[in-house]
Every structure is written in C-alpha cells, then in structure tokens.
Amino acid sequence: MANRTVSTATAIHGTNPQFLIDKLYRQRIYDSLYWKEHCFGLTVTGVMEKAVDLNSIGGCYGATNRPSEFICLLLKLLQLQPDRQMLDALVDQEDFKYLRALALLYFRLTEKPAEIYSKLEPLYRDYRKLRQRQMSGKYKLICVDELVDELLRNSSICSVALPQMTSRRKLEDRGDLAPRLSPLDDDSDSD
C-alpha cells in the first residue's frame with residue numbers, strides 16, 4: 001500500500017508518476033529504513049513537514065547505495081501527485097530552501113518544458129547555499145541557482161534521469177516562450 005501511487009493520479013509523460021524513477025532505484029528506496037519508518041502513510045502536508053527538516057539534497061550514497069531522505073521524499077511526492085496550485089506554492093516559498101529544492105526537482109520531472117523554463121529561470125537569483133550529498137557520502141556546497149541550472153541543462157540529477165527537455169530556443173521560435181531577458185540587460189540601459 002505504501003508503495004502505490006494514489007488512485008486519483010494522472011499519468012505523467014505517459015506513465016505512472018513514480019515510474020519516473022528507475023525501477024532498481026525505486027526498489028532501493030522501498031527497502032530503506034527511512035522509507036519504512038517515515039514515509040509510510042504520509043500525506044503531501046506530511047512530506048512538506050519532513051522536507052522542512054532536511055539538511056541536504058542527493059540521491060543514493062555510500063558503498064551500499066543508501067537512498068537519501070531527499071530522494072525518498074521525492075518518490076513519495078510522485079506517488080501523491082500534489083495539485084499544481086500547491087506545487088507552485090512550494091516552489092515560490094522562500095523560507096525553506098530544501099523544501100524548495102525538492103519542489104524544483106518534482107516540478108522538473110513532471111511539468112512541460114515551457115512551464116519549467118518560466119518557473120525555474122527566475123530562481124537564478126536565489127543564491128542560498130545547499131548541502132549536496134555526493135555518491136561517496138561526502139558533502140559539497142552548491143547554491144540554489146546552480147541547482148536550477150543543473151535542472152535545466154543536465155539529463156540527470158541526484159541519480160534520477162530527467163525527461164528530455166525541448167531547448168529554450170525552439171520554444172521561443174514556436175512562440176511557446178517569450179525571449180529571456182537577462183538582468184544584465186537592465187543594467188546596461190542605465191549608462
């Protein structure tokens with residue numbers, strides 16, 4: 001029961017939302033102690049409360065490829081499929097940086113490219129530091145703007161394969177997205 005997607009969930013990219021995480025990776029999460037103790041029976045509100053207490057982002061780490069709390073909560077969000085209004089509120093809130101990071105990764109996995117660019121690009125101005133757990137188990141510091149850049153440019157993050165993104169240029173050519181205005185352009189006009 002704790003490993004099933006809610007019955008009201010709709011398919012994302014043509015599949016069950018939790019299948020956006022690789023099967024072996026998912027199984028490793030299901031078998032983890034954190035999943036069994038803390039994620040069973042969670043609601044979206046419960047996931048948010050747990051995400052507020054996170055102290056790092058990351059996927060699996062260590063010699064045993066132990067899943068991080070961050071990735072466990074991501075899978076739980078995929079199972080629960082919060083509505084768009086709640087997701088927007090999670091991305092837009094500025095009080096809890098790890099909750100925002102979780103919402104950003106969920107948003108990148110589940111939404112359409114034009115919406116992803118529109119929602120994530122303004123966050124290039126968020127310079128707060130995040131601890132990222134690497135596969136070795138060690139931590140490194142990154143900023144939220146670096147995470148946003150990785151989400152927009154990379155094919156995977158936290159060992160999760162991201163869906164293919166249409167390039168910004170193609171979306172602009174089709175008229176799905178307005179040309180991006182750089183904050184640097186605003187400064188040059190004042191000379």
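Predicted model: local features only at pLDDT ≥ 70, side-chain atom pairs only at ≥ 80, totals over all residues.

Student: Are Cys60 and Cys158 buried or exposed?

Tutor: Buried means under 20% relative accessible area. Cys60 has 4%, so it counts as buried. Cys158 has 10%, so it is buried too.

Student: What makes the backbone at Cys158 worth a look?

Tutor: Most residues other than glycine have a negative phi. Cys158 is not a glycine, yet its phi is positive, at about 55°. Cys158 is found in the loop between β6 (156–157) and β7 (160–161). Ser159 is found in that loop as well, and its phi is also positive, near 65°.

Student: Why is Ser159 called partly exposed?

Tutor: Its relative accessible area is 41%.

Student: On to rings. Why is the pair of Tyr30 and Trp35 called tilted?

Tutor: A search of the whole structure finds 1 aromatic pair. In that pair, the ring centres of Tyr30 and Trp35 are 5.6 Å apart, and the limit is 6.5 Å. Stacked needs planes under 30 degrees apart and edge-to-face needs over 60; these planes are at 55°, so the pair is tilted. Tyr30 is buried at 10% relative accessible area, and Trp35 is buried at 2%.

Student: What makes Arg131 a charge over a ring?

Tutor: Arg131 lies over the face of Tyr139, at 3.8 Å from the ring centre, and the distance cut-off is 6 Å. Arg133 lies over the face of Tyr61, also at 3.8 Å from the ring centre.

Student: Now helix α5: how do you know that its buried residues are on the same side?

Tutor: Helix α5 covers residues 84–92, and Leu87, Asp88, Leu90 and Val91 are buried there. They span an arc of only 160° around the axis, which puts them on the same side of α5. As background, an α-helix has 3.6 residues a turn, so residues three or four places apart point the same way.

Student: What do those buried residues pack against?

Tutor: They pack against α3 (44–52), α6 (97–110) and α7 (113–120).

Student: Which residues have the most contacts inside the largest nonpolar core?

Tutor: That core has 58 residues, and Leu73, Leu74, Leu104 and Leu147 have the most contacts inside it. Helix α6 gives the largest share, 10 residues. Leaving aside neighbours within four places in sequence, Leu73 is in contact with residues including Tyr34, Val47, Leu54 and Leu102.

Notes:
Residues numbered from 1 in each chain as written. Heavy atoms only, no water. Buried < 20%, exposed > 50% of the residue type's maximum accessible area, 1.4 Å probe, protein only. Helix = DSSP H or I, 4+ residues; strand = E, 2+ residues; numbered from the N terminus. Arc of directions from axis to C-beta. Contact = heavy atoms within 4.5 Å. Core = buried A, V, L, I, M, F, W, Y, C linked by side-chain atoms within 4.5 Å. Phe/Tyr/Trp six-rings, centres within 6.5 Å; stacked < 30°, edge-to-face > 60°. Lys NZ or Arg CZ within 6 Å of the ring centre and 35° of its normal.
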